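Work through the exercises below with the model open beside you. Try each task before you read its solution.

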Amino acid sequence: MRNRENPTKWESYKQVITAVSAYWVFSIGLVFLNKYLLSNVQLDAPLFITWYQCLVTVFLCLLLSHISKNYGVFKFPSMPIDAKISREVLPLSVVFVAMISFNNLCLKYVGVSFYYVGRSLTTVFNVVCTYLILGQKTSGQAIACCALIIFGFLLGVDQEGATGTLSYTGVIFGVLASLSVALNAIYTRKVLSSVGDCLWRLTMYNNLNALVLFLPLMLFNGEFGAVFYFEKLFDTTFWILMTFGGVFGFMMGYVTGWQIQATSPLTHNISGTAKAAAQTVMAVVWYSELKTMLWWTSNFVVLFGSAMYTYVQKKVMDKKNSGASPASQAKSDEVKLLGRDGDAAEEAV
């Protein structure tokens, strides 16, 4: 019998293909599903939709932890609910709530085809915030990549306006979402030790805090009344779609880690860039949109700039980690990547 720790080349290829396919399916599916929930359900309560998805994530974390602890079917981290840890995670949770709120509000007002470009300034804000908050400088090559991304973003906004589908509200929410994701990356690194360096446990506490933080926001936004008088409040299909949105958001955390484990952080970001391109093409075809050549050029520029930034930063990380152990290097890369990864941080709750 072959040792599972030394799989054949075909088994390795199969694992990579399965992991990448799962990442693409859940990531693209989550964007299209959230777009439908936010724009086509006639429920003007985007914060409530996000709140419910956070509730599903907390439930799944606690459920899987319980099953793992009592039945040993699989391994999943323990999820102790500790008020002290919750307070330590709270600053990150505030940024987390802003991040997922602005992302979903951006998706509500812009089309799926423009969604990636609309939130493409994450990398730029990541460089700026890292310098202003952590005092870490960035190489000239990385700054050049950021300039390329900014150019692509501005060209995309201009061309979206030329096609008559531009929402300035959506663009503003996209910029705020990009800033929030960059801040989320920084605060994630700061508070990760509070949860024993466990990303799953951090996910649970973030979403648990978010359940409370969203309540005054929903009250201020008048969403309790909108939900109470929603005509499909007791419609089974509506709640199935809402729950699927939460499950997909939860699964993004798993498939992101799985893809990194099966490939590498660099390959994961390349996969994410390719997925964004495929998602854009699918959205244009699905919604029967007509786009100009310059519009497509703006997408290419943003994708190319993002890919080059990933490559430049990976070379920097490899140089810094050259003297570190493989385990600590992998952990460092994974935390940094998950902190700024477009899909894990920006789309999932």
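Predicted model: local features only at pLDDT ≥ 70, side-chain atom pairs only at ≥ 80, totals over all residues.

Residues are numbered from 1 along each chain as its sequence is written, and side-chain values use heavy atoms, with hydrogens and water left out.

**Exercise 1. The whole chain**

Task: Find how many helices and strands the protein chain has.

Solution: 
- Helices (H or I, at least four residues) and strands (E, at least two) are DSSP runs, numbered from the N terminus.
- The protein chain has 14 helices and zero strands.
- Next, burial: buried means under 20% relative accessible area, exposed over 50%, partly exposed in between (1.4 Å probe, protein chains only).
- Of the 349 residues in the protein chain, 48% count as buried.
- Last, contacts, meaning heavy atoms within 4.5 Å. Take those in the protein chain with a separation of 6 or more: 84% of them join residues 24 or more positions apart.

**Exercise 2. Two packed helices**

Task: Describe how helix 3 and helix 8 pack.

Solution: 
- Two packed helices are described by the angle between their axes and the distance between the axes.
- Axes are lines fitted to C-alpha atoms, for helices over the stretch in contact; angles run from 0 to 180 degrees between N-to-C directions.
- Helix 3 covers residues 83-109 and helix 8 covers residues 199-220; their angle is about 65°, and their axes are 8 Å apart.
- Helix 3 and helix 8 are therefore roughly perpendicular (angles under 35 degrees count as roughly parallel, over 145 as roughly antiparallel, 65 to 115 as roughly perpendicular and the rest as oblique).
- Now look at the residues. Helix 3 brings a set including Ile 85, Val 89 and Phe 96, and helix 8 a set including Leu 202, Tyr 205 and Leu 213.
- By class, this contact of helix 3 with helix 8 has 14 nonpolar, six polar and no charged residues. Ala, Val, Leu, Ile, Met, Phe, Trp, Tyr, Cys and Pro count as nonpolar, Asp, Glu, Lys and Arg as charged, and the others, Gly among them, as polar.

**Exercise 3. Aromatic rings**

Task: Classify the ring pair of Phe 48 and Trp 239.

Solution: 
- Rings of Phe, Tyr and Trp (its six-membered ring) pair if their centres lie within 6.5 Å; planes under 30 degrees apart count as stacked, over 60 as edge-to-face and the rest as tilted.
- By this rule there are 16 aromatic pairs.
- Phe 48 and Trp 239 have ring centres 6.3 Å apart and planes at 85°, so the pair is edge-to-face.
- Phe 48 lies in helix 2 and Trp 239 in helix 10, so the pair ties together parts 191 residues apart in sequence.
- Phe 48 is buried, at 11% relative accessibility. Trp 239 is partly exposed, at 24%.
- Compare Trp 200 and Phe 250: this pair is tilted, with 4.9 Å centre to centre and 35° between the planes. Trp 200 is in helix 8 and Phe 250 in helix 10, 50 residues apart.

**Exercise 4. Single residues**

Task: Is Met 99 buried or exposed?

Solution: 
- Met 99 sits in helix 3.
- Its relative accessibility is 1%, so Met 99 counts as buried.
- Met 99 and Leu 183 are 84 residues apart in sequence, yet 8.8 Å apart in space, C-alpha to C-alpha.
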